[in-house]
Amino acid sequence: MSEITLKIEGMSCGGCVRNVTKVLEALPGVSAAQVSLEAGSATVQYDPAKVDVAAMRAAVEGAGFDAPQ
Ligand code: 9UX
């Protein structure tokens with residue numbers, strides 16, 4: 001299992017936090033995500049054989065947020 005912390009921009013309430021958590025945890029290979037509104041970040045535990053960081057960014061952006069490098 002690997003872990004990465006992504007910067008997430010555009011979250012403004014707890015609903016955003018839930019939405020980002022949900023789209024990340026829906027990705028096959030992601031076991032859990034901890035999203036922080038205050039920090040503007042998401043820490044993700046994942047299997048690097050099944051999912052990559054580009055897929056995580058795409059999922060976050062698909063939900064309407066930005067996940068800059
Ligand atoms: Mo809160 Mo976020 O009402 O997309 S859910 S601003």
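**Exercise 1. Leaving aside its neighbours within four places in sequence, which residues is Tyr 46 in contact with?**

Before starting, note that this is a predicted model, where local features need pLDDT of at least 70, side-chain atom pairs count only at pLDDT 80 or more, and totals for chains, interfaces and linings use all residues. Residues are numbered from 1 along each chain as its sequence is written, and side-chain values use heavy atoms, with hydrogens and water left out.

*Solution.* 
- Step 1: Tyr 46 sits in strand S3; strands (E, at least two residues) and helices (H or I, at least four) are DSSP runs, numbered from the N terminus.
- Step 2: check its burial. Tyr 46 has 10% relative accessibility and so counts as buried. The cut-offs are under 20% relative accessible area for buried, over 50% for exposed, and partly exposed in between (1.4 Å probe, protein chains only).
- Step 3: list the contacts, meaning heavy atoms within 4.5 Å. Tyr 46 touches Met 1, Ser 2, Glu 3, Ile 4, Gly 29, Val 30, Ser 31, Val 51, Val 53 and Met 56.
- Step 4: Ala 32 and Tyr 46 are 14 residues apart in sequence, and their C-alpha atoms are 7.3 Å apart in space.

**Exercise 2. Work out the order of the strands in the sheet and how they pair.**

*Solution.* 
- Step 1: Strands of a sheet pair through backbone hydrogen bonds, either parallel or antiparallel.
- Step 2: read off the order. The open sheet has three strands, ordered S1-S3-S2, and the pairing is antiparallel. Strands S1 (2-7) and S2 (30-36) are at the edges with a single partner strand each, so one side of each has no neighbour in the sheet. From one strand to the next, the twist averages 15°.
- Step 3: count the bridges; two strands pair if DSSP finds at least two between them. Six join S1 to S3, and six join S2 to S3 (residues 41-46).
- Step 4: pick out partners in S3. Ile 4 is bridged to Val 44, while Ala 32 is bridged to Gln 45.
- Step 5: look at the hairpin of S2 and S3. Four residues lie between the strands, and Gly 40 takes a positive phi near 65°.

**Exercise 3. Find the buried side of H1.**

*Solution.* 
- Step 1: name the buried residues of H1, which are Cys 16, Val 17, Val 20, Thr 21 and Leu 24. They cover an arc of only 135° around the axis, which puts them on the same side of H1; the arc is taken from the directions from the helix axis to the C-beta atoms.
- Step 2: see what that side meets. The buried residues pack against S2, S3 and H2.

Terms used:
Axes are lines fitted to C-alpha atoms, for helices over the stretch in contact, and angles run from 0 to 180 degrees between N-to-C directions.
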